[in-house]
Amino acid sequence: MMTHLDISKVSIEFPTPKGPFKALDNVSLKIKKGEFVSLIGHSGCGKSTVLNIVAGLYDATEGGILLDGKEVRGPGPERAVVFQNHSLLPWLTTYQNVELAVKQVFKGRKTKKDMHDWILHNLDLVQMTHAMDKRPAEISGGMKQRVGIARALSMEPSVLLMDEPFGALDALTRAHLQDSLMDIQKDLNNTVIMITHDVDEAVLLSDRIVMMTNGPAASIGEILSVDLERPRNRLELADNPKYVQYRAQVLKFLYEKQRKVEPITQPKKVTPTPPDHDEKVAS
Ligand SMILES: Nc1ncnc2c1ncn2[C@@H]1O[C@H](COP(=O)(O)OP(=O)(O)O)[C@@H](O)[C@H]1O
Ligand SMILES: [Mg+2]
């Protein structure tokens, strides 16, 4: 396996008023070109921190990131980020938001006409050309997220970093965007790291699911390789035995092995309660 992105022995400590807080301890992961990796783990375990270190927004205290053998220092357009809540500039139109990114990367390398065509091409990938003159306040949440993805893709990043990109969307919009993302990634062969808390989303989209232990000093607990043929169809997978088993494995990791223990605030009950068979244990 040729390593494209190498997360090598990464630890990070944040300074806090109570002293240093070690969020990540010795996180290592090798990712190959075109691979789709999901990061899953309980809230606060350190998923965004991993992504921010790869993005170059945070510096690891120990270890580091290599992209094609070169150390990553600071942010760069070859590692585009899509955040959970779109980060579009509210005073610019859809078109202008993408244009800003395209100019940043291609100024002097593409003609004005080529840049214009490229902006339209990327808006078209996420089916947003019809709203290119609208401002963020005039379009829905799902549409804003699509523009955020178009903006990221327009930089031709070799690595696409997504922090719960569909987390704030309704189920139908989310499903639609997951399908578009699978199509786009098939065509462009981007390497993707996506944070999610949605087990179905992780299994549907990923080549590997990286499950993180609870913090502090979080690290990688288990890695699940998802060996399901592509293209994947959510309806056909729903009763595919392999899919069901992968899903169960992730749930088991989250809700048994890394179960979050909440402090008991209620006095102990005298009457025994029946065991809870619901797979979705509150976290
Ligand atoms: N800039 C920071 N300063 C101090 N602590 C931080 C900072 N960023 C994150 N943390 C802490 O690191 C831990 C991991 O945070 P984060 O990566 O955001 O978790 P997740 O994305 O998995 O929910 C949390 O305990 C959080 O409070
Ligand atoms: Mg986060």
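This is a predicted model: local features need pLDDT of at least 70, side-chain atom pairs count only at pLDDT 80 or more; totals for chains, interfaces and linings use all residues.

How far apart do the end C-alpha atoms of residues 2–239 lie? I got 34 Å, and the span is 33% helix and 28% strand. Helices (H or I, at least four residues) and strands (E, at least two) are DSSP runs, numbered from the N terminus. The unreviewed UniProt entry annotates residues 2–239 as "domain: ABC transporter"; such annotations may be inferred rather than shown by experiment.

Residues count from 1 along each chain as its sequence is written, with chains lettered from A and ligands numbered from 1 in the order written.

Next I checked the sheet. It is open, with 6 strands in the order E6-E7-E8-E3-E9-E10 and mixed pairing (a pair needs at least two DSSP bridges). E6 (79–82) and E10 are the edge strands with a single partner each, so one side of each has no neighbour in the sheet. E9 and E10 pair antiparallel over 5 bridges, and Met212 has Ile220 in E10 as its bridge partner.

Then I looked at helix H8, residues 241–257. Its 17 residues reach 22 Å from first C-alpha to last, close to the 24 Å expected (1.5 Å times one less than the number of residues). Which residues of H8 are buried? I found Tyr246, Val250, Phe253 and Leu254 (buried: 20 or more other C-beta atoms, placed from the backbone, within 10 Å of the residue's own; exposed: 12 or fewer; partly exposed in between).
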